[in-house]
Amino acid sequence: MTAPAAATPVLEAQDLAKRFPVAGGIGGRGRVVHALNGVSLSVAAGETLAVVGESGCGKSTLANCLTGLMAPSAGSLLLQGEDAALMLRREPMRFRRRVQIVFQDPYASLNPRRTIGDTVGDALRIHGLAARRERRGRVGQLLAEVGLAEEHLDRYPHELSGGQRQRVAIARALAVEPVVVVCDEPVSALDVSIQAQVINLLRDIQRRRGVAYLFISHNLALVRHIARRIAVMYLGEVVEIGTAEALGRRMLHPYSRALFAAAPAIGRPSHDPPHLDPGRPPPLSGDVPSPIDPPPGCRFHTRCPHARPRCSAEAPALRLVDDRLVRCHFAEEIAGHG
Ligand code: SF4
């Protein structure tokens with residue numbers, strides 16, 4: 001079997017690293033935060049790749065690097081086969097038209113002094129996609145596509161509900177007809193009852209437009225519904241990546257196994273408590289180590305119930321095991337125990 005990868009990638013990260021110098025403070029000078037380390041992943045047209053992990057695992061730094069909001073320290077990013085760093089330097093607007101982002105907090109991402117019509121219309125204006133006289137009609141079409149009415153055109157963000165504001169943020173992203181939308185925890189600030197509506201909207205849009213989503217989330221139950229493939233991150237590294245179907249059947253990396261142990265399985269009713277399944281590993285204990293001094297060898301060895309001397313001495317590579325890529329020296333053996 002081969003590891004599942006994006007068919008023809010529209011966005012492809014190769015060996016991305018991001019390091020930040022630690023700002024001042026006692027003992028901070030000269031130290032470095034290793035936020036991303038050797039991250040390689042890709043997403044194809046019409047596909048959703050979910051990136052999951054605990055807070056502090058590097059998900060949002062990855063989102064910022066993939067959308068050109070942050071320059072990676074090392075590695076490369078290809079957008080439809082073109083070098084994204086070069087495109088960002090020479091033709092930043094061309095990059096920004098193709099790659100959009102929807103943030104977690106729609107209220108913070110919308111200008112409170114601009115009407116909804118102006119906010120969405122600005123995207124069309126800045127990219128020269130609609131003449132002034134056509135703009136209002138085009139914005140109306142975009143609002144209709146995300147389930148809002150023409151009456152919302154002249155409203156301000158504070159006059160809308162959280163779900164409606166996120167629909168506006170989605171309409172603004174779609175206005176420039178992107179090929180990839182990075183969704184950074186797009187529903188986690190919304191009421192549970194609204195989350196499903198926004199997720200269904202994103203899926204409908206993907207079916208119609210063939211846009212690729214990179215869906216960043218800590219909500220494991222959610223990503224199982226929306227993603228074709230899932231990448232699990234720990235302390236700045238991808239530790240397991242494969243199809244949602246394969247990972248839903250069985251996790252191989254001890255971190256993924258523990259992380260998903262606390263979430264309902266695919267096909268399992270959400271009211272079925274995971275702790276009733278005797279085959280499941282116990283949930284994670286302890287805190288994520290500091291990315292300033294990540295543990296040597298396998299970054300997970302300080303929390304791994306299967307750790308042995310080799311784990312702290314030698315960093316495992318991301319390698320093919322069965323039908324996915326796994327970063328663990330002993331994945332086959334551990335899976336055999338599962
Ligand atoms: Fe655990 Fe060792 Fe595998 Fe790391 S390499 S996940 S510490 S068994």
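Buried means under 20% relative accessible area, exposed over 50%, and partly exposed in between, with a 1.4 Å probe and protein chains only. The model is predicted: local features need pLDDT of at least 70, side-chain atom pairs count only at pLDDT 80 or more, and totals for chains, interfaces and linings use all residues. Residues are numbered from 1 along each chain as its sequence is written, and side-chain values use heavy atoms, with hydrogens and water left out.

**View 1. Isoleucine 241 sits in strand β10 (residues 237-243).** Helices (H or I, at least four residues) and strands (E, at least two) are DSSP runs, numbered from the N terminus. Isoleucine 241 is buried, at a relative accessible area of 6%. Contact means heavy atoms within 4.5 Å. Leaving aside residues up to four places away in sequence, isoleucine 241 touches Leu41, Leu49, Arg229, Ile230, Ala231, Leu247, Arg324 and Leu325. Valine 51 is 190 residues from isoleucine 241 in sequence, yet their C-alpha atoms are 9.0 Å apart.

**View 2. Helix α11 (residues 254-261) is largely enclosed by the rest of the structure, because eight of its eight residues are buried.** They are Pro254, Tyr255, Ser256, Arg257, Ala258, Leu259, Phe260 and Ala261.

**View 3. Helix α1 (residues 59-66) is largely enclosed by the rest of the structure, with six of its eight residues buried.** Those six are Lys59, Thr61, Leu62, Ala63, Cys65 and Leu66. Glycine 68 follows α1 and has a positive phi, near 75°.

**View 4. The largest nonpolar core has 54 residues.** A nonpolar core is a set of buried Ala, Val, Leu, Ile, Met, Phe, Trp, Tyr and Cys residues joined through side-chain atoms within 4.5 Å. Val120, Ile170, Ile230 and Val232 touch the most other members. Another core, of 31 residues, lies apart from the largest one; Cys57, Cys65, Val180 and Ile216 are among its members. Valine 120 touches Val139, Leu142, Leu143, Val168, Ala171, Arg172 and Ala175, not counting residues up to four places away in sequence.

**View 5. The largest pocket holds about 440 Å³ of space.** On a 1 Å grid over the protein atoms alone, a pocket is an open set of points with protein on both sides within 12 Å along at least five of seven lines, a cavity is a set where a 1.4 Å probe fits but cannot get out, and lining residues have an atom within 4 Å of a point. Grid points are joined across faces, edges and corners, and a volume is the space filled by probe spheres set on the points. Of the 20 lining residues, Gln100, Ile101, Ala123, His127 and Arg172 lie nearest the centre of the pocket. Two or more lining residues come from each of α3 (92-98), β6 (99-102), α5 (116-126) and α7 (162-174). Helix α5 gives the most, four residues.

**View 6. The largest cavity holds about 90 Å³ of space.** Its lining has 15 residues, with Cys298, Cys304, Cys311, Cys328 and His329 closest to the centre. The structure has three cavities of 30 Å³ or more.

**View 7. The second largest cavity holds about 50 Å³ of space.** Its lining consists of Tyr234, Glu237, Val239, His253, Gly297, Cys298, Arg299, Phe300, Pro316 and Arg327.
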